[in-house]
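Here is a short briefing to read alongside the model. Please keep the sequence and the 3D view open as you go.

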Amino acid sequence: MLKLSTAVAGVVASSTLLANPIDQVRPDAPELAKFGDYSIGVRTVSVSHKNQLDVLSIDKEGKLPLYDRPLTLEVWYPAQSSTSQRGEYKGVYLRDGQTKVTLTGRAQRDAEPVETANAFPLIILSHGYPGNRFLMSHLGENLASKGYVVASIDHTDSTYENKKAFASTLLNRSVDQMFVLNEMERFSKQTGHFLQGVVNADQTGLIGYSMGGYGAVISAGAGVTQKRIDYSWGAPNGALNVHKAGSPAHTDLIDSRLKAVIAFAPWGKNHDFWDKQGLEGIKIPMLYIAGSDDDVSGYEKGVKSLYEDSVNTDRYLLTYHFANHNAGAPMPAPKESWKYSEAIGFAPFEHYGDPVWDSVRMNNIAQHFSTAFMDLYLKNQQQKMRYLDLTTDSAEGVYSLDQQKKPTKEHSYWLGFPNRSAKGLSFEFKGRK
């Protein structure tokens, strides 16, 4: 009886530790969703952007107050650690801004970076409104294991516990993204910093979700319309002029170090923040990812319209059919989020989950395509183009192998997807005009 109790206790302890894993890879996951060869380290870094416009303190007289804008980063990187012990992220806020949970993953806190002759490309993660730096942590760990340094931002005024007026998000999202790029380059050259010689900011990718996607579209080169600069509920006193299409301020924001952008459910096109002329400013490769039933950012007049109108670059569109706004980007809903929250009037689960799709399945598909896209455009691994050259409708792919398990001439199944697994998806490509 004692042995049975001990065994049960061990199972319970293990179950508790694995209660909120961010690193699951299903047996039917596409090939590139698998973790890479590197062990993963993670550190929390605080930075401050000096003398920024405090848009939330603009008074009726139109005075433009400045402040030092604090940002917290979670940084994942290839590490020397070879331990099989699971890592923990403690005190992570849920969508209600009150509940704190523990997430589990593969990264080891404060592990030493690997010694490398060639620095690793940088990827910046930018969450939605509200969100936090852990919302896309599944991508942070996964990409770091494949030889990237990944910096995920807590955007001030836009986190679960620090959600303030929308004007701050409209103004600061893209500015934060580019500031973090600068800071990561500074760290790469700073004597004694753990990232010295580890990160190559000249090869940077950006992944944004929802309002992070909004910022990513601006950072990629698309200036906003005058119509939305004048929005009554937007940034006051014309503060959004810094992102106006064709303005000197927006031109200065565009950075040649940014080589590729993935925008999950980017918000804004359905509210006329960009027109065709503004979107002509995008000159770097774009991967748009969306749910066909997105009722926040919109699909036909939202994300798909962004894809259609980004005419001056090579761009891709991955669609999860019947998925809503949470397609692919958010980590699986922590178990504590299933409980109804009086603070927000709903169970936080709906901020992470989807009525149709399993979150781990969506994450694995996102990890697969993010890997192929970033490997192609940041590492120049041309063989990864094969994973992006696909039959548009996944259902129309034919799975046909010969007796030696080699594809026949009829085979057109999505590369990397196990038989019977490429379902409910479409993938489109348009080249620059």
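Does Ser-341 count as buried or exposed? Ser-341 counts as buried because its relative accessibility is 6%, where buried means under 20% relative accessible area, exposed over 50% and partly exposed in between, with a 1.4 Å probe and protein chains only.

This is a predicted model, in which local features need pLDDT of at least 70, side-chain atom pairs count only at pLDDT 80 or more, and totals for chains, interfaces and linings use all residues. Residues are numbered from 1 along each chain as its sequence is written, and side-chain values use heavy atoms, with hydrogens and water left out.

**Confidence**
- The chain has an average pLDDT of 94, and 95% of the residues score at least 70; pLDDT is the predictor's confidence in each residue, from 0 to 100.
- Over residues 1-17 pLDDT stays under 50, and the model has two contacts beyond four places in sequence for them (contact means heavy atoms within 4.5 Å).

**Two loop residues**
- Ser-341 sits in the loop between E11 and H9; helices (H or I, at least four residues) and strands (E, at least two) are DSSP runs, numbered from the N terminus.
- Leaving aside neighbours within four places in sequence, Ser-341 is in contact with Asp-96, Phe-346, Ala-347 and Pro-348.
- Val-356 belongs to the loop between H9 and H10, and it counts as exposed because its relative accessibility is 55%.
- Val-356 and Leu-135 are 221 residues apart along the chain, and 20 Å separates their C-alpha atoms.

**Nonpolar cores**
- The largest nonpolar core holds 65 residues, and those with the most contacts inside it are Val-75, Val-149, Trp-274 and Tyr-288; such a core is a set of buried Ala, Val, Leu, Ile, Met, Phe, Trp, Tyr and Cys residues joined through side-chain atoms within 4.5 Å.
- Helix H3 (residues 166-189) supplies the largest share of this core, 10 residues.
- Apart from it lies another core, of 60 residues, with Val-150, Phe-264, Ala-333 and Phe-427 among them.
- Not counting residues up to four places away in sequence, Trp-274 touches several residues, including Tyr-214, Trp-267, Leu-279 and Leu-306.

**Covered helices**
- Helix H2 (residues 137-144) is mostly covered, with eight of its eight residues buried; among them are His-138, Glu-141 and Asn-142.
- Helix H8 (residues 299-309) is also mostly covered, with eight of its 11 residues buried, including Lys-304, Leu-306 and Asp-309.
- The cover over the buried residues of H8 includes helices H4 (211-220) and H7 (276-279), along with strands E10 (286-291), E11 (315-320) and E12 (425-430).

**Pocket and cavity**
- On a 1 Å grid over the protein atoms alone, a cavity is a set of points where a 1.4 Å probe fits but cannot get out, and a pocket is an open set with protein on both sides within 12 Å along at least five of seven lines; lining residues have an atom within 4 Å of a point.
- The largest pocket contains about 480 Å³ of space, a volume being the space filled by probe spheres set on the points, with grid points joined across faces, edges and corners.
- Its lining has 22 residues, and the closest to its centre are Tyr-209, Val-296, His-325, Asn-326 and His-351.
- Helix H9 (residues 349-352) gives the most to the lining of the largest pocket, three residues.
- The largest cavity has a volume of about 40 Å³, and its lining includes Pro-21, His-138 and Pro-332.
- Helix H10 (residues 359-379) provides the largest share of the lining of the largest cavity, four residues.
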